[in-house]
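Here is a short report on one protein model. Please look over the sequence and structure first, then read on.

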Amino acid sequence: MCETAGEASDRAALEMEYKALRDEILVRIDLRQKLLATTLILAGAFLGFLANNPEYQSASLIYPPLAAFIAVAWTQDDYGIRDA
């Protein structure tokens, strides 16, 4: 059960790669949570604005493309996590 210097070096390299990938995944998860918070804040702002100003009902058409963009960003982060 004695490790050679080459095996120890390989193990250390694998541990460093694992830590780097794990850190990248944690950053992507944090970004995803920030995107979710942004989406909820924007939805609340639009709904609050439209509830107080019914003459601006056409402004509600701005939110769906914005939400779609945020969903695409979320999906991109999800693919990045999966690839890692």
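## Asp30 and its salt bridge

At 40% relative accessibility, Asp30 counts as partly exposed. Partly exposed sits between two limits: buried means under 20% relative accessible area and exposed means over 50%, with a 1.4 Å probe and protein chains only. Asp30 forms a salt bridge with Lys34, and their closest N and O atoms are 3.4 Å apart. A salt bridge here is a side-chain nitrogen of Lys or Arg within 4 Å of a carboxyl oxygen of Asp or Glu. Lys34 and Asp30 are separated by about one helical turn because they are four residues apart in helix 1.

This is a predicted model, in which local features need pLDDT of at least 70, side-chain atom pairs count only at pLDDT 80 or more, and totals for chains, interfaces and linings use all residues. Residues are numbered from 1 along each chain as its sequence is written, and side-chain values use heavy atoms, with hydrogens and water left out.

## Overall form

The protein has two helices and zero strands. Both kinds of element are DSSP runs numbered from the N terminus: helices are H or I with at least four residues, strands are E with at least two. Helix 1 covers residues 5-52. Helix 2 covers residues 63-83.

Helix 1 has 48 residues. From its first C-alpha to its last, helix 1 reaches 71 Å, close to the 70 Å expected at 1.5 Å a residue. The expected span is 1.5 Å times one less than the number of residues in the helix.

What box do the C-alpha atoms of the protein fill along the principal axes? It is roughly 75 × 15 × 15 Å. The radius of gyration is 22 Å, whereas a compact globule of 84 residues would have one near 12 Å. That radius is taken over C-alpha atoms, and the globule rule is 2.2 Å times the number of residues to the power 0.38.

## Burial and contacts

Of the 84 residues, 14% count as buried. In helix 1, the buried residues are Arg28, Arg32, Leu35, Thr39, Ala43, Phe46 and Leu50. Helix 2 is included in what covers the buried residues of helix 1.

Thr39 gives a close-up. Its place is in helix 1. Thr39 counts as buried because its relative accessible area is 17%. Leaving aside neighbours within four places in sequence, Thr39 is in contact with Tyr63 and Ile70. Contact means heavy atoms within 4.5 Å.

How many salt bridges does a search of the whole structure find? It finds five.

| Pair | N to O distance |
|---|---|
| Arg11 and Glu15 | 3.4 Å |
| Lys19 and Asp23 | 3.1 Å |
| Lys34 and Asp30 | 3.4 Å |

Arg11 and Glu15 are four residues apart in helix 1, so about one helical turn separates them. Glu15 is partly exposed, at 49% relative accessibility. Lys19 and Asp23 also both lie in helix 1, four residues apart, about one turn of the helix. Lys19 counts as exposed because its relative accessibility is 51%. Asp23 counts as partly exposed, at 34%.

The accessible surface comes to about 6600 Å², and 67% of it belongs to carbon and sulfur atoms. Accessible areas come from the Shrake-Rupley method with a 1.4 Å probe; for residues, only the protein chains shown count as cover.

Which residues make a nonpolar surface patch of about 280 Å²? They are Leu36, Leu40 and Trp74. Patches are made of residues with over 30% relative accessible area and no salt bridge; like charges are joined within 9 Å, and nonpolar side chains (Val, Leu, Ile, Met, Phe, Trp, Tyr) within 5 Å. Trp74 is found in helix 2. Trp74 counts as partly exposed, at 32% relative accessibility.

Thr75 lies in helix 2 as well. Thr75 is partly exposed, at 34% relative accessibility. Thr75 and Glu55 are 20 residues apart in sequence and 35 Å apart in space, C-alpha to C-alpha.

Ser9 has its place in helix 1. With a relative accessible area of 45%, Ser9 is partly exposed. Ser9 and Arg82 are 73 residues apart in sequence and 27 Å apart in space, C-alpha to C-alpha.
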